[in-house]
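Visitor: I am new to this structure and would like to understand the words used to describe it. Could you take me through them, setting each value against the rule behind it?

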Amino acid sequence: PRSTLFPYTTLFRSNVIWLSPVFDSPNVDNGYDISDYFAIMSDFGTMEDFDELLATAHEHGIKILMDLVANHTSDQHPWFVQSRSSKDNPYRDYYIWKDPNGFDENGSPIPPNNWASEFGGSAWEWDEATQQFYLHIFFKEQPDLNWANPKVREDLYAMVRWWLDKGVDGFRLDAINIISKPEGFPDDPSTDFEKHTSSIPFVIANGTMVHPWMKELNREAFSKYDVMTVGETSATSPEDAKLWAGYDAGELQMLFHFDHMGVDNDPEGSLGGKWSYAPYKLTELKRILNEWQTKLEGKAWGSLYWNNHDQPRTVSRFGNDSPEFREVSGKMLGTVLHMMQGTPYIYQGEELGMTNVFFDSVDDYNDLEIHDSWRKYVVESQRVSPEDMLRYISASGRDNARTPMQWDASENAGFTTGTPWLKVNPRYTDINAAEELANDDSIFYHYSDLIHLRKEHPIVLTGEYRVLNPEDEQVYAYLRVNSAEDAAESGERALLVVANFTQETLSL
Ligand code: GLC
């Protein structure tokens, strides 16, 4: 039976909590700038608190997945402090330093190539003291580690083993497909400094050394433990995914791809790419999800998600968050995702149907990506009006996912009696956990039912995915079909999922 083909059967039956980074960090990028891999950020508590969390989760049969941020560190990490101190410091080669490509007529140094940072502007920062540039694909406070240096890799693998020895159950590997920079550091043909495309330089995705290094990491660390691993890999096709996460790849178990996260980007909008708002087409969303479901079939395991800490809220994005339709569209979206093949990831608040937020001042936002874009496009180049930019931020900004968790209808949604780092979404009085738990027919209980369905019906694991209506702009209908052998074993032949993406009553 196909079920025996899968190498990760115990994993599929597990419940797991993925924590975004909780390590010590100056918090420029919400913890994705780590200054000490072996300590917990004081905002979150202490290592003793962490140990208690881990032990308690394990008592309840829940696994803990950590965020492994290894493409870069914080610029406050002791390695970088050493590295920037002088050209002959032993840690110099822990990061990527390059001479300028000459100087312009004003005497300013010219960066080594045209690579853009994911968050806008050049990916190179000039260091006056040592007269070289360092590379930062994300913010300038996040210098890229030099994976080509074997000492860097040894130190990182030792750190991974340290956490696994402590008992954590695995890792989500942040931005892992950009660790291998191309030989000669060529210019990137896709660079467009005028537009915020929010994508990494094309030439650095899935570089030639990523697979040897992932096999090495697997050999030196993961393979020695019973772990769960998932790589965050933008600009990755299903063909690439088989190399990373194929059943016999010996690298990672699954990937987060981004293809369906781009369907509402508007390349023709005034800023292009991320800061835009274009209604998505259901046929396009289906085309992408179909492609991933069918191409990975039998070859690699997939991950399924609508939301994470970088994405707007799904009920506002792919559903309808009006009071009338929010609940039913939240359930509909959850169903479409959970009945597919792969491991579903639920982001905090998704199970309550939390919505995007609109703040009428940029000062109410916290994410540096939002502030940098505001400065660049609204203040400096004035390419977009403040009103339009606030609309774009509310549609696509990362802070939609980062407002405090809505527990109940009391002040600050019951999240804190202090001052939260972001305002609470004003809809918290209606949308909160207490409300969801009190209503038998809520999104929360629907998600809980979906989780039970997945555990009780092996066809969700084994059935082959077949889309029924790829051209239909309103309804998403698919089947999961078991092989004769799997059907004989489980008594389950097929599962039909039909989801109405409109607010009309339709017949199919
Ligand atoms: C990943 C994270 C994102 C972070 C970036 C840099 O994309 O999900 O939140 O800003 O990597 O670490």
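Visitor: Which residues have the most contacts inside the largest nonpolar core?

Guide: In this predicted model, the largest nonpolar core has 86 residues, and those with the most contacts inside it are M66, W147, L156, W163, F171, Y476 and F501. Helix α4, which spans residues 150–166, gives this core its largest share, namely seven residues. Apart from it lies another core, which has 17 residues, including F119, W124, W126 and I178.

Visitor: Why is β14 described as largely enclosed by the rest of the structure?

Guide: Buried means a relative accessible area under 20%, and six of the seven residues of β14 are buried, so this strand is largely enclosed by the rest of the structure.

Visitor: Which strands run antiparallel to β14, and over how many bridges?

Guide: Strand β13 runs antiparallel to β14 and is joined to it by four bridges, while strand β15 (residues 494–500) pairs with β14 in the antiparallel sense over seven bridges. Residue L479 of β14 stands opposite R466, and the bridge partner of L479 in β15 is L496.

Visitor: What makes β5 and β6 the edge strands of the open sheet?

Guide: The open sheet has three strands in the order β5-β7-β6, with antiparallel pairing, and β5 (97–98) and β6 (124–127) are its edge strands because each pairs on one side only. Between β5 and strand β7 (residues 132–135) there are two bridges in the antiparallel sense, and since the rule asks for at least two, this pair qualifies. One of the residues involved is K98, whose bridge partner in β7 is F133.

Visitor: How do you know whether E471 is buried or exposed?

Guide: The relative accessible area of E471 is 71%, and because exposed means over 50%, E471 is called exposed. E471 lies in the loop between β13 (464–467) and β14 (475–481), and although E471 and R287 are 184 residues apart in sequence, they are 9.1 Å apart in space, C-alpha to C-alpha.

Visitor: Is Q311, then, buried or exposed?

Guide: Q311 has a relative accessibility of 9%, which is under the 20% limit, and therefore counts as buried. Q311 is in the loop between β11 (303–304) and α8 (314–317), and its side chain is joined to that of R317 by a polar contact of 3.0 Å.

Visitor: What is noted about the phi angles of F185 and N412?

Guide: Most residues other than glycine have a negative phi. F185, however, is not a glycine and has a positive phi of about 45°, and N412, also not a glycine, has a positive phi of about 55°. F185 lies in the loop between β8 (170–173) and α5 (210–220), whereas N412 is found in the loop between α11 (386–396) and α12 (433–438). F185 has a relative accessible area of 17%, so it is buried under the 20% rule, and N412, with a relative accessible area of 17%, is therefore buried by that rule as well.

Visitor: Which residues come nearest to the ligand?

Guide: Of the 13 residues around the ligand, D29, D174, E232, H309 and D310 come nearest. By class, this shell has three nonpolar, three polar and seven charged residues. D174 lies in the loop between β8 and α5, and at 6% relative accessibility, under the 20% limit, D174 therefore counts as buried.

Visitor: What makes the link between D174 and R172 a polar contact?

Guide: The side chains of D174 and R172 make this contact at 2.7 Å, and because the limit for such a pair of N or O atoms is 3.5 Å, the distance is within it. An oxygen atom of the ligand is 3.0 Å from a side-chain N or O atom of R172, and for D29 the corresponding distance is 2.5 Å. For R398 that distance is 2.9 Å. The protein covers 96% of the 300 Å² of accessible area that the ligand has on its own.

Key. Residues are numbered from 1 along each chain as its sequence is written. This is a predicted model: local features need pLDDT of at least 70, side-chain atom pairs count only at pLDDT 80 or more; totals for chains, interfaces and linings use all residues. Side-chain values use heavy atoms; hydrogens and water are left out. A residue is near a molecule or strand if one of its heavy atoms lies within 4 Å of it. A polar contact is a pair of N or O atoms within 3.5 Å; within protein, one must be able to donate a hydrogen and the other to accept it, and residues adjacent in sequence count only if both atoms are side-chain atoms. Accessible areas come from the Shrake-Rupley method with a 1.4 Å probe; for residues, only the protein chains shown count as cover. Ala, Val, Leu, Ile, Met, Phe, Trp, Tyr, Cys and Pro count as nonpolar, Asp, Glu, Lys and Arg as charged, and the others, Gly among them, as polar. A nonpolar core is a set of buried Ala, Val, Leu, Ile, Met, Phe, Trp, Tyr and Cys residues joined through side-chain atoms within 4.5 Å. Buried means under 20% relative accessible area, exposed over 50%, partly exposed in between (1.4 Å probe, protein chains only).
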